[in-house]
Amino acid sequence: MTATDIKNLLDVIPGSPVGLRDRAIILTLTLTGRRRSEVLNLTAKDLNQEGEAIFYSYRGKGGKHGKRELPQPAPLAIQQALEAFGKDFATMIPEESLWPSSADSGRGIISGTFYGNLRRYFRMAGLPPAGVHIFRHSAAKLRREAGESIEQVSRFLDHSSL
């Protein structure tokens, strides 16, 4: 997906609590290049602020652990989504999902529900159907277009080999 495709996709997502949450997930996927499970499993304890920057901790494929800065506008989108669900990040239980569901069990949205919403958003934006992994590809593509080397992109994605 191109940057224009992603913008068009984000533009069709409604401003409802579910839409704000899904928009935050898409931004997080695209800006971090993380895998679906790595993003959907993020909890309140995985985010922390250091100075002006927000960092996220993750457990990746093969048990790799990492900590990276969460680029704007993802932190702002997460905050807006949480507020839309009546949540305050400062008072959330550490194990509570960053992606609330309507059931409000604290476990957050499940992958299948997000994928169903995503398919609808693709259709609304006039884009061909695609899976969640497209955002990982898009993150790599956008970094290459910004001038990063293949080696830099590979490290960004935590690939074990080039």
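Colleague: In what order do the elements of the protein chain run from the N terminus on?
Modeller: They run α-α-α-β-β-β-α-α-α-α. Helices are DSSP runs of H or I with at least four residues, strands are E runs of at least two, and both are numbered from the N terminus. This is a predicted model, where local features need pLDDT of at least 70, side-chain atom pairs count only at pLDDT 80 or more, and totals for chains use all residues. Residues are numbered from 1 along each chain as its sequence is written.

Colleague: How many helices and strands is that?
Modeller: Seven helices and three strands.

Colleague: What does the C-alpha trace span along its principal axes?
Modeller: About 40 × 40 × 30 Å.

Colleague: How much of the protein chain counts as buried?
Modeller: 43% of the 162 residues. Buried means under 20% relative accessible area, exposed over 50%, and partly exposed in between, with a 1.4 Å probe and protein chains only.

Colleague: Switching to contacts. Of those between residues at least 6 apart in sequence, what share joins residues at least 24 apart?
Modeller: 55%. A contact means heavy atoms within 4.5 Å.

Colleague: Now Gly116. Where does it lie?
Modeller: Gly116 lies in helix 5, which covers residues 111–124.

Colleague: And what is the relative accessible area of Gly116?
Modeller: It is 33%, so Gly116 is partly exposed.

Colleague: What separates the C-alpha atoms of Gly116 and Ser161?
Modeller: 32 Å, with the two residues 45 apart along the chain.

Terms used:
Side-chain values use heavy atoms; hydrogens and water are left out.
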